[in-house]
Amino acid sequence: MFDDFVEHAAPTAGHSRGTAPLPQVQYEGYEPSPYDSEIHAELEHPGASDAPLPSPLAANTPLFDLGRVQYTLPAPLVSLAVSSDVLAMALASNTIVLIELSHAEHVITIPILRKATELTIHKIFLDPSGRHLVITSTQGENWYLYRGWKKPRQLKSFKMVIESVAWNKAALLASTHSMSTREFLVGTRNGSIFEAVLDAGEDFFKSQERYLQLLFTLPEKYPVTGIKFDLFPPSDLRNALIIVTTPSRIYQFAGSPDRRSEEGGRVFSSLFAAYRETTPKISELPGNLQYSELHFYTPNSDQALSLPKNLAWMTAPGIYHGTLNFDPNSDDHIDSTQLHPYPSFNSPGTSPDTSHSSPEVPISISLTEFHFILLYRDRIIGISTLNGKQTYEDVIPLRPNEVVRGLAADPVRKTYWAYTDQSIFELVVGNENRDVWQIYLAQQKFDIALRYAKTAGQRDSILSAQARAFFDEGRYFQAAQCYSQCSAPFEEVALKFLDAGERDALRSYLISRLERTRKSDLTQRMMLATWLVEFYLSRCNELDNLCAAESVTSDVENLQTQRAILEDDLRQFFDTYKSNLDKNVVYELIQGHGRTDMFLHYATAVGDSERVIAHWILEEQWTKAIDVLNRQTNPELYYRFGTVLTRQAPKEMIESWLKQPSLDPLRLIPSLLQLQHLPRDPLSPDHAVRYLSYVVFEQGNKSPMIHNLLVTFLATRLPRSSEEDGPLLNFLTSAPSDPMTGKPYYDLDYALRVCKRTGRIPSCVHIYSQMGLWENSVDLALEKGDLELAKENANKPEDDAAIARYVVQDKQDIKTAMQFLENTNILKIEDILPFFPDFVVIDDFKEEIAHALEGYSAHIDDLKREMDDATRTAESIKQDIAELKNRFVTIDAGERCSVCSQPLLTRQFYVFPCQHTFHADCLIGLAKEYLPTHALRRIITLQTELVKGGQKINLDNAVSVTPNGHSRQATQQRTLLSASFGSPLQNGTKAANLLGRNILSAGDRLRDLIVPDALASVVSAPGWIPGVGGGRKVGVDKDFEKKAEKLRAELDDVLASSCPLCESVVAGLDKPFVKSDELDTTWAL
């Protein structure tokens, strides 16, 4: 807007007539009302209340503010028009100035190429979209300017002085890109009304003047000072209302337009043609005023199809004002018409005594939502349209010889402008609805006043007045609602309703007041809620009494309906405000009125299930008590009421426990014990056993108390017959056990005592078995005569013998004894013969003895056959061994060793069936790498014995006496020690010495202790010892020779049992190709 260019004029003292604020209302009461603090809080903190209200500072801002626009006119200003933020000015120099207010720095000046003596501009008319401008002159010439044109174009067919124009607002605002004005009406100085269409589009064959048609001429031919038309309804523009004014008359033309064209066309011909024969609706206000103005106020004026709401017509007597009625069936479309006279005031230069002669007619007027704006020669005045009182006045700061011209209003943007021949002023509508609430309050239009209340204090004043009005009219419920929203003292309002006897209205007031009390005011909320409970209960009792008294009349149904509604309200009240009530106080109130149903509902609402359960228990309604128990979540109530409910309704209570897996079974033991002495229904399962079984097997409970209790119930609650002993025995056999000890969680000693006391013999036998007392279990079974049970628990031959003794000696049943003997694999006939009497008849078990003897004979035959098979197998093996000695292999003379690649026949060698050949020492060195540890130890043992034996023989044969009588033992000993390793190698002595040192120092390094050269010499034949006596035969000890032969054979079996190359492939799968102490250079580049 023009805010940056507006210089606001300071209001002159005594001229601003804003309404003074109301005085602060003082309330009396026993204590400050909580609502007062809410009002003050809203005043200090706007927006804190539920309904957002403007701040108090905004409420005290002035209604209007007049400011000068900082723009210097190059020539005197003749006429001004504003629309859609486009300001158009016509200067006396025949120049048009256009300013788009959103870009006020850009000023467009367009001259009309006519001399001032030839053309005098009269008025300019700007359409609602701000695109089309019509300029009229006193000479009757008219010009047309479209937005963006550099110069205006003359309308040659418009030979008239235009006084007013009615634009097609709906079409112009709806089509923003159209260059056509669409159909519009023109009012002239001679009283004629024309319809015209202008089009700014360039067309070689057409001018901008699409058509101009005379529609109607007023009878008095006075100037048409104002004209406007509207099409309605907005959904279907089938009707038109045209209002025309002259200085003293206002006309109403209504009818249907001819057509609705997109590009415009003749629309109003038929409508005005209808009034050639009839007279339109005319209102006349005679006077000597030669000019007038017609203004409208349109809510939502920026919308294309919006319709005007109010009308203002400036006449000589005053301002004719009313509201528009767009009912097509109405004869008069202006309702609630009033004539507001012009105000009287002291003009400059006049004395107060002469100021009341006659009101002065303003130069121009304008209409806002709530005010008439009146422009005078030196001031501007605002008058309320609601009560006709002056609310604003401001002096226009005029320069010398400056003449006020008029007012202009933007019908779309709602901006207002005053202009003189030298200046432009903007009248800013700041807060014109500031005092509207007071006006409506004085008129007792409370709802409308509330809409315009801006502060909590204003709202409070309106509601207080409305409440008093309702109360005086006897509309107590409406008064209660209003009183609850204002700051009227609580005590005063309560006493008012009590004195009037309106307890129901008082209850409504208390409820509304409770709803609006802050949650932080706990005490006040509790007092209100408690009082309301008392009201509800009292009213319920009153209705009960009335129903009882009117039981024979027809009104009882209405009373019952009222009671039901009231009880539902009370229940809902409990549900909503349970947090604002004290439990004990409410319980006392309810019990004092004897309302058991409300007692239960309130207890349920606040979650006090304990009281509800206790009530149903007192009423012996066990099922209802258990239902309440199931709906609540406090496990303590299960333990508290479990004893009585389990005794009275065991099935339902156990079902309730099963639905609550979080319960502690140990704390339910007192309740379970209630079932121990109750009579049992044989047709229904034992509920205690059912729950304990669920706890043990489903929940995996490991408490010995629970397991012992289940044993107790199974032993004591079931009938004492063998057929019914199955559940107990099943539990004893399938009960979970401690994984650490392997024993069941129940106490075996306790279970044994319980079973003995209740005569559960099979269970006692099973418990003895679990305790490892097999003999006791068998004896107990036999004592009770249960042979099958005894056999099931027999675990040792002694137990079977005891059973046999019982059958033979005690039962004296030979046949049963024989059957038992057939079923057991431990005892034989000879084991039970000692138990028979001395003089027993053998006929009773002759067959059994015969069967036993036949069995022994068959067994002896089987043993004989096995012995014969073993003998034949041994003979076959001997033959295979003998044949192995004669087996031979043919080799080539040039065969080489598979290890050293030397000729094989140079020394002792081995040949394997796989065709691998080895020297004896090479075989030993290769075999020791893969043989297991025990084989290596055996080889070392054999090696040591053979070496020691060979040394002894060589020493005995080599000792001789020299001619001087000295012995050659030392030298011969070294020779024989070396020769003991009969090998072509010359380092035999070193190898032997190395062997001894290794044995002493290496310990368990077995492979290092095996010397291949020494073993090769030991394995070779004993008759030939190289290097001793030039090959002479040496005698040997025959005993040692036999022993040595066995040792060599054993050593040969160990070494040559399998081919080392073939065996090492399997044995060396887990060994690396390169040993840890070797360096692999095969991958080096």
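What share of the contacts in the protein chain with a separation of 6 or more comes from residues 24 or more positions apart? The figure is 54%, where contact means heavy atoms within 4.5 Å.

A word on conventions. This is a predicted model, in which local features need pLDDT of at least 70 and side-chain atom pairs count only at pLDDT 80 or more, while totals for chains, interfaces and linings use all residues. Residues are numbered from 1 along each chain as its sequence is written, and side-chain values use heavy atoms, with hydrogens and water left out.

The protein chain has 1085 residues, of which 45% are buried, that is, under 20% relative accessible area with a 1.4 Å probe, protein chains only. Its secondary structure comes to 38 helices and 31 strands, taken as DSSP runs numbered from the N terminus (helices H or I, at least four residues; strands E, at least two).

I turn to the aromatic rings. A search of the whole structure finds 30 aromatic pairs; rings of Phe, Tyr and Trp (its six-membered ring) pair if their centres lie within 6.5 Å, and planes under 30 degrees apart count as stacked, over 60 as edge-to-face and the rest as tilted. Phe-216 and Phe-253 have ring centres 5.3 Å apart and planes at 65°, so this pair is edge-to-face. The two residues are 37 apart in the chain, with Phe-216 in strand 14 and Phe-253 in strand 17. Phe-216 is buried at 10% relative accessibility, and Phe-253 is buried at 0%.

Phe-253 also pairs with Tyr-275: the centres are 5.1 Å apart and the planes stand at 90°, so this pair too is edge-to-face. Tyr-275 lies in the loop between helix 4 and strand 18, 22 residues from Phe-253, and Tyr-275 is buried.

Finally, the helices. The axes of helix 9 (residues 490–500) and helix 10 (residues 503–516) come within 8 Å and cross at roughly 155°; axes are lines fitted to C-alpha atoms, for helices over the stretch in contact, and angles run from 0 to 180 degrees between N-to-C directions. Helix 9 is therefore roughly antiparallel to helix 10, the term for angles over 145 degrees. Among the residues that meet are Phe-490 and Phe-497 in helix 9 and Tyr-509 in helix 10. Phe-490, Phe-497 and Tyr-509 also belong to one aromatic cluster, which includes Phe-471 and Trp-531.

Definitions and conventions. Buried means under 20% relative accessible area, exposed over 50%, partly exposed in between (1.4 Å probe, protein chains only). Angles under 35 degrees count as roughly parallel, over 145 as roughly antiparallel, 65 to 115 as roughly perpendicular and the rest as oblique.
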